[in-house]
Amino acid sequence: MKGLTAFLGILGKDMRMYYLKPPNISWGLIFPVAWAGMFLVRSGRALEEVMSILPGIVTVSILFGTTSMLAVTVTFEKKNASFDRLLLAPLPLEIIMLAKTSGAILFGVANGLVPLLIASIITSLPGISWGLLLAGSLLTAVSSTFLGLFVAVAVSEVFEAQTFSNFLRFPMIFLCGLFIPVSSLPVFLRPLSYILPATWGADLLRRSVTGSGAFETMAALVILASMSLLLYAFSLRNIRRKWIT
Amino acid sequence: MPLTTSSSAASAADDPGPAAPAGPAVEARDLRKSFGEVLALAGVSFEIRQGELFGLLGPNGAGKTTTIRILTGLSRCDSGSVRVAGIDCSSNPRAALGHIGVVPDESNLYPELTGFENLCFCASLYGVGRSERRERANSLLGRFGLAEAAGRKFAGYSRGMKRKLTIAAGLIHQPGILFLDEPTTGIDVGSAREIRQLLTELRGSGTTILLTTHYIEEAERLCDRIAFMLAGRITKVDTLRNLLEPLQGLHAMDVSFSGGSDTILPAVTRALPELAFTKTGSSSLRVSASGPFGIGALVRAIEAEGGEVLEARRVRPSLEEVFVRETSIGPEAMKREKERQARPS
């Protein structure tokens, strides 16, 4: 119960201080809308065909939503020593970091909902597997967040975290099969695609929306969950090695 | 309203471990720590008794902050052992965190949150329930004279207010052991006095306190026992009375005058061979002797060289004297260096 109090305290503080600030909320709304508009205009498709690009927009929204603030909530707090307050709390490091990343996960999922809401105005969202969509969105958010965490704790400066984060995020959009199927990528790039969490997350979301995907659902779920655990474990290891010196 | 703390924070922590035993509250044994080529701690050992206010006194870079970071689990030592509240922290540095409160040398609360929100957040980290943490936060804000600023953002606080709120944050979970790193550095005289008063009250309520400071008079006034720390080593640990004991037979005087020490010193040394002289400044000397001595002959000797005595002050046995003798570091130099660092850029 006391661990839960601490967990909610950290989550609530991050929400108030970072995620629920007007600039961040407006970014969370504008970004998915801009992406959706950009792809519709570029592809020249009719509004009714929005379902074909919806999984991609949701994935990108989640990816950017989860990773947008981690450089601040983690790297900056470490830099200005307020992170030490958390390290001094009688809590396992696993709980502390889970609380620190929960805000990003929630914000990412909320960002992913924006294109869905917009699409629901245009179409009736036929044939969506809501259970799979929820599981896929959540796992995509968790894995993206832990990828962002991995970057945030691997560096010591905020600008480094932001730079490396962008270095990963933007190529990921084109390598994860969202807009170019993995099977159409050059052979030497495919292994890179398979180690990106977004590849598996995007496939789950595509299957949940369109009913078809490149990978087995269960395999994608297990691989995405495993990647999340691995990234989280590496991040904790980095914190213990680099921040508690 | 006096400050009170529980015997330990066991009630607030998830897994605080066993209750604090009757042995030392803190025990450090042969702590060694290097940062690359730099040796920060070269075998630091000491213990702090239950309810004691223990002072670590030393210049910048002596290893005081590194010691606190190791004792609180924020750093790992290369070798040595630590016991806090009877819990062996050598294998698990985080094991005793429920028992301790930490006040770092730099305020590290959240600038975007108000004073009240900061305290409530810190209490939540120790599992304190909503109504209880609001009550504690209001009580501490009142006790630290910050009630009126409770709703203001921490970023807008003055340096003294920030320091007081940081101390309040270290107490919000009512720890049995409190670590304070330079709590009065760089703040106004009034706030420093209030903080010293609070520390006295805390000690009175049974809280064990480790205080690091470079203010000799602060250590002298507050601490039950004092350790001198220099270049990663503890060179002396004792009570104030025992530290002053060797100086009880001291007969010395600080004399300042017009004219240069370089001219006056050889002259007075020749004129008064039974006294010992040490240059302490460009126009000042320290005179010492094995027994009581008068000042008349000294004044005449200085005047014979064209100087004029401006001030003569008897040197009484003080911690400052002990510290200077032990470390060869002038207290003013230590204070100046620290205040220069504390000054906002």
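How are H7(A) and H10(A) oriented to each other, roughly parallel or roughly antiparallel? In this predicted model, the axes of helix H7 (residues 130–154) and helix H10 (residues 197–210) of chain A cross at roughly 165°. An angle over 145 degrees counts as roughly antiparallel, and H7(A) and H10(A) are therefore roughly antiparallel to each other.

## The H7–H10 pair of chain A

The axes of H7(A) and H10(A) come within 9 Å, and their crossing is left-handed. On the side of H7(A), the contact is made by A:Leu132, A:Leu133, A:Gly136, A:Ser137, A:Leu139, A:Thr140, A:Ser143, A:Ser144 and A:Leu147. H10(A) contributes A:Pro197, A:Ala198, A:Gly201, A:Leu204, A:Leu205, A:Arg207, A:Ser208 and A:Val209.

Sorted by class, the residues in the contact of H7(A) with H10(A) are nine nonpolar, seven polar and one charged.

## Chain A overall

Chain A has 11 helices and zero strands. Read from the N terminus, its elements run α-α-α-α-α-α-α-α-α-α-α. Its radius of gyration is 18 Å, close to the 18 Å that the globule rule gives for 245 residues, so chain A is as compact as a globular protein of that length. The C-alpha trace of chain A spans about 55 × 40 × 35 Å along its principal axes.

## The six-stranded sheet of chain B

Chain B contains an open sheet of six strands with mixed pairing, in the order E6-E7-E8-E3-E9-E10. Strand E6 (100–103) and strand E10 (233–239) of chain B are the edge strands, and each pairs on one side only. From one strand to the next, the twist averages 15°.

E6(B) pairs with strand E7 (residues 177–181) of chain B in the parallel sense, over four bridges. Within this pairing, B:Phe179 in E7(B) is the bridge partner of B:Val102. Helix H4 (residues 159–171) of chain B packs on the sheet, where it touches E6 and E7 of chain B. The direction of H4(B) makes about 165° with that of E6(B). Helix H5 (residues 189–204) of chain B also packs on the sheet, touching strand E3 (53–57), E7 and strand E8 (208–213) of chain B. The direction of H5(B) makes about 150° with that of E8(B).

## The four-stranded sheet of chain B

Another open sheet of chain B is formed by four strands in the order E2-E1-E4-E5, with antiparallel pairing. Strand E2 (38–48) and strand E5 (87–88) of chain B stand at the edges; each has a single partner strand, so one side of each is left without a neighbour in the sheet.

Strand E1 (residues 26–35) of chain B runs antiparallel to E2(B), and eight bridges join the two. B:Lys33 stands opposite B:Leu41 in E2(B). Helix H1 (residues 64–71) of chain B packs on this sheet and touches E1, E2 and strand E4 (79–84) of chain B. Between the direction of H1(B) and that of E1(B) the angle is about 115°.

## Contact between the chains

Between the two chains, 25 residues of chain B are in contact with 20 residues of chain A. On the side of chain B that touches chain A, the largest share, three residues, comes from helix H2 (residues 115–124) of chain B. By class, this side of chain B has 13 nonpolar, seven polar and five charged residues.

Conventions. Residues are numbered from 1 along each chain as its sequence is written. Chains are lettered from A and ligands numbered from 1 in the order in which they are written. This is a predicted model: local features need pLDDT of at least 70, side-chain atom pairs count only at pLDDT 80 or more; totals for chains, interfaces and linings use all residues. Two strands pair if DSSP finds at least two bridges between them. Axes are lines fitted to C-alpha atoms, for helices over the stretch in contact, and angles run from 0 to 180 degrees between N-to-C directions. Two residues are in contact if their C-beta atoms, placed from the backbone, lie within 7 Å. Angles under 35 degrees count as roughly parallel, over 145 as roughly antiparallel, 65 to 115 as roughly perpendicular and the rest as oblique. A crossing is left-handed if the near helix is turned anticlockwise from the far one by less than a right angle, and right-handed if clockwise. Ala, Val, Leu, Ile, Met, Phe, Trp, Tyr, Cys and Pro count as nonpolar, Asp, Glu, Lys and Arg as charged, and the others, Gly among them, as polar. The radius of gyration is taken over C-alpha atoms; the globule rule is 2.2 Å times the number of residues to the power 0.38.
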